[in-house]
Amino acid sequence: MMDAILASPLLGLCLSAATFALGRWIQRKTGWILANPLIISAVLSIAFLVLLDIPYEAYALGGDFINLMLSPVTAILALGIYNQRAVLRRYFVPVLVGCSVGCASSMLSVWGLCRLFGLDRAVTAALLPKSCTTAIAVGIAEAKGGVVAIAVACVIATGMVGAVGAPAFARWFHITDPVAQGLAVGASSHALGTTKAREMGELQGAMSSIAIGICGLMAVILALFLPV
C-alpha cells in the first residue's frame with residue numbers, strides 16, 4: 001500500500017494542495033503578516049516528509065507537475081502588462097527608468113557580493129535572479145548552470161521580505177508616490193510582494209504587476225552579459 005502511494009504523483013500534488021489550503025485558512029483566522037500560506041505550506045510539507053521518512057523523490061513525482069505550470073505563468077505576465085497598457089502609457093518613463101534601475105541594482109549587487117565572497121559559479125547563477133518571479137528565475141538559473149533549488153528558495157525569501165515589509169520600507173524611506181511604491185515592490189519582490197502592493201492601493205498593485213513582467217524581461221537580457 002505504502003509503495004503504491006510513494007509511486008503515485010498524487011502524493012506530491014495532494015500534499016502541496018492540502019498544506020497550502022491549510023496555510024490560507026491559518027492566515028485568514030490569525031491575520032498575522034508572517035502567516036503566509038507559502039511558508040506554512042513549505043514547513044508542513046517538509047515536516048510531513050521528515051516525520052514519515054518519505055524520500056523527496058517520491059514527493060517530486062507530483063511536485064514536478066506544479067513546476068510544469070511555471071511556463072504558462074510566464075506567458076500570463078505578458079497578459080497582465082497588456083491589461084494595464086493604459087497605466088503603462090501614462091507612466092512610461094518612470095516605469096522604464098524604475099524597472100531598469102531596480103533590475104540592474106539587484107543583479108549587479110548580487111553579482112558583486114558573490115565575487116567578493118568567492119562563491120562558486122553554480123551558487124552565483126542561482127542567486128542572480130532572486131528578485132524575478134519564480135518562472136523566470138528558474139529559467140535564468142538553469143541557463144547559467146545554477147542550482148535551481150537555491151534559486152527558488154532565494155526567490156521565495158525575497159518575495160516574503162517584500163510581502164511583509166513593503167509598507168514599512170515605504171514609510172522609512174518617505175516614498176509617498178504610489179507609482180514609485182508599486183514599481184519598487186514589483187521590481188524587488190515579484191508576485192509575493194505584489195499581493196501586498198495591491199493592499200496598499202489599486203495603482204500600487206497595477207504598477208507592481210507591470211514591474212514584474214518588465215523586470216523579468218530585463219533580467220533575462222542582463223543575465224546574458226553577466227559572467228558567473
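# A tour of helix pairs and ring pairs

Select helix α7 (residues 92–116) and helix α12 (residues 202–223): their axes come within 9 Å and cross at roughly 50 degrees. The model on screen is a predicted one. Two packed helices are described by the angle between their axes and the distance between the axes.

From α7, select Val95, Leu96, Cys99, Ser100, Cys103, Ala104 and Met107. From α12, select Met207, Ile210, Ala211, Ile214, Cys215, Met218, Ala219, Leu222 and Ala223, which meet the α7 residues. Sorted by class, the contact of α7 with α12 has 15 nonpolar residues, one polar and no charged ones.

Keep Met207 of helix α12 selected. Is Met207 buried or exposed? Met207 counts as buried, because its relative accessibility is 0% and the cut-off for buried is under 20%. Hide its neighbours within four places in sequence, and the residues in contact with Met207 are Val87, Tyr91, Val95, Val179, Gly182 and Leu183. Next, pick the C-alpha atoms of Met207 and Gly186: they are separated by 7.4 Å, although the two residues are 21 residues apart along the chain.

Move on to helix α10 (residues 148–172) and helix α11 (residues 178–200). The axes of α10 and α11 come within 8 Å and cross at roughly 70 degrees. That angle makes the two helices roughly perpendicular to each other, because the range for this term is 65 to 115 degrees. On the α10 side, the contact is made by Val155, Ile156, Thr158, Gly159, Met160, Gly162, Ala163, Ala166, Pro167 and Ala170. On the α11 side, select Gln181, Val185, Ser188, Ser189, His190, Leu192, Gly193, Lys196 and Met200. The contact of α10 with α11 divides into 10 nonpolar, eight polar and one charged residue.

Stop at His190, which is found in α11. His190 is buried, with a relative accessible area of 3%. Which residues does His190 contact, leaving aside its neighbours within four places in sequence? They are Lys130, Ser131, Cys132, Thr133, Val155, Thr158, Gly159, Val185 and Ile212.

The last stops are aromatic rings. How many aromatic pairs are there? The count comes to two, by a rule that takes ring centres within 6.5 Å. Colour them by accessibility: Tyr56 is exposed, with a relative accessible area of 52%, whereas Tyr59 is buried, with 16%.

Then select Phe169 and Trp172. Their ring centres are 5.6 Å apart and their planes stand at 65 degrees, so the pair is edge-to-face. Phe169 and Trp172 are three residues apart in α10, and are therefore separated by about one helical turn. Phe169 counts as partly exposed at 35% relative accessibility, while Trp172 is exposed, with a relative accessible area of 59%.

How values were computed. Residues numbered from 1 in each chain as written. Predicted model: local features only at pLDDT ≥ 70, side-chain atom pairs only at ≥ 80, totals over all residues. Heavy atoms only, no water. Axes fitted to C-alpha atoms, helices over the stretch in contact; angles between N-to-C directions. Helix = DSSP H or I, 4+ residues; strand = E, 2+ residues; numbered from the N terminus. Contact = heavy atoms within 4.5 Å. Nonpolar A, V, L, I, M, F, W, Y, C, P; charged D, E, K, R; others polar. Buried < 20%, exposed > 50% of the residue type's maximum accessible area, 1.4 Å probe, protein only. Phe/Tyr/Trp six-rings, centres within 6.5 Å; stacked < 30°, edge-to-face > 60°. Parallel < 35°, antiparallel > 145°, perpendicular 65-115°, else oblique.
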